[in-house]
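Hello,

Here is the structure we talked about. My notes follow below it.

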Amino acid sequence: MRKRSGFTVIELIIVIVVLGIMTAVGVPNFLSWLPKYRLKSAARDLYSNLQLAKLSAIKNNADWAIVFNTASDQYQVCSGQGPDNSWGGTDNMVVKTVILNNYGSGVGYGHGNATPIGSTFGDEITFANNVAVMNSRGTGNAGYVYLENSSAAASYGIGKRTNGLTVLRRWNGANWEY
């Protein structure tokens, strides 16, 4: 007699059924995790861009800023004000433009059901004139930016204090966590 090696049809069907059950359990968990991941990624990138502007301002001995635009759900990292000498103008020296919609559906400016970290939410940005300015000493104006993912019912507050400290906080449903 010759020995045959391989799998039987019954063994293959059992493996396919087990994989189907694992997929049925895993996909809903993944789909609920994905919007929170996208929001966290957007919040961490904004935090990193605040740090980039701060360190670049110190390195170049010049003011840098992040200019927020709530109407278009984007912000720009700028290395200079341009000829009009205003951060709010369209002629800033833009180093980087970040579009929040690129992180996936539902990510944008907003605070969800969170309470304000300071006294008010404003238009989801508490920096004066929606501009976070960093000077050559690494300090500048204080404020927060609130990001949310409407699909995940989650929100983050990313801010900067006047002493230059950059803060990333997450709303846990009851209060803000570091």
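How many bridges join strand β2 (residues 74-80) to β3? Six, and the two strands run antiparallel. Gln76 stands opposite Thr97 in β3. Strands pair if DSSP finds at least two bridges between them. Strands (E, at least two residues) and helices (H or I, at least four) are DSSP runs, numbered from the N terminus.

First, the ground rules. This is a predicted model: local features need pLDDT of at least 70, side-chain atom pairs count only at pLDDT 80 or more, and totals for chains, interfaces and linings use all residues. Residues are numbered from 1 along each chain as its sequence is written, and side-chain values use heavy atoms, with hydrogens and water left out.

The sheet

The sheet is open, with four strands in the order β3-β2-β1-β5 and antiparallel pairing. β3 (93-99) and β5 (131-134) stand at the edges with a single partner strand each, so one side of each is left without a neighbour in the sheet.

Leu55

Leu55 sits in helix α1 (residues 9-60). Leu55 counts as exposed because its relative accessibility is 54%; the cut-offs are under 20% for buried, over 50% for exposed and partly exposed in between, with a 1.4 Å probe and protein chains only. Its C-alpha atom is separated by 54 Å from that of Val15, 40 residues apart along the chain.

Regards
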